[in-house]
Amino acid sequence: MSTHASYKGPADCPAVIPVFPLSGALLLPRGQMPLNIFEPRYLAMVDDAMRTDRIIGMIQPDPEGSGGSNPKLYRVGCAGRVTQYAETGDGRYLISLTGVTRFRVESELASIGPYRRCHVSYDEFAVDFEPRAGEEQVDREGVLKALRDFVESNDLKVDWAGIDEAPDEALVNALCMMSPFGVREKQAMLEAPDLKTRAEILIAVTQMELVRGSGPESPLQ
């Protein structure tokens, strides 16, 4: 597959992908996620991805399941393509994933290596291949008000000029990905059927956090 592969629909994506379980990590279509890879099994995963299609599936462990080295996973994750890659002098990889599309886990393959692989389906997430789909339905003012309230409550600094220039999809998805909220809240944002619903979840979760008092420390600085 070309280094500059394009994905126009579910049929362009691999049916079997490696998955990287990481609590609190939310990747969304066209979003950017930097990762510091140091565990041997995930170094091997990146090596294999770089030799094939560069696709890695980000997925959260389900807190209702058992822990251990192979925790139960949520059924929905997001496939990302390695778009930046660097090696460090101490054996780590610094990579960046660009979100392609969400997927649903159909089954997990029997282990034949150090990392987990799943058979996945993308069919129900065809909207992910349409940049800026549903932007006209987003309550941008509601999103910005929730952000302003959160920023003021937590005494944070934000690049308002950059936010004002951001398209609705980029704004909503970036705020969801960078938000300091919990596993369940981030999974709800991921599984939202459309951008409008994702924005509504972001607003509602932010408001609930403000009602509870002081929210957790935020990386939205």
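## Strand β1 and its partners

P18 in this predicted model stands opposite R117 of strand β6, and β6, which covers residues 116-121, pairs with β1 in the antiparallel sense over four bridges. Two strands are said to pair if DSSP finds at least two bridges between them. On strand β3 (residues 55-59), which pairs with β1 in the parallel sense over three bridges, M58 stands opposite F20.

Strand β1 itself runs over residues 16-21 and is mostly covered, with five of its six residues buried, where buried means under 20% relative accessible area with a 1.4 Å probe, counting protein chains only.

## The whole fold

Of the 221 residues, 47% count as buried. Contacts, meaning heavy atoms within 4.5 Å, join residues 24 or more positions apart in 69% of the cases with a separation of 6 or more. The C-alpha trace spans about 50 × 35 × 35 Å along its principal axes.

Residues are numbered from 1 along each chain as its sequence is written, and side-chain values use heavy atoms, leaving out hydrogens and water. Because the model is predicted, local features need pLDDT of at least 70 and side-chain atom pairs count only at pLDDT 80 or more, while totals for chains, interfaces and linings use all residues.

Key: Buried means under 20% relative accessible area, exposed over 50%, partly exposed in between (1.4 Å probe, protein chains only). Helices (H or I, at least four residues) and strands (E, at least two) are DSSP runs, numbered from the N terminus.
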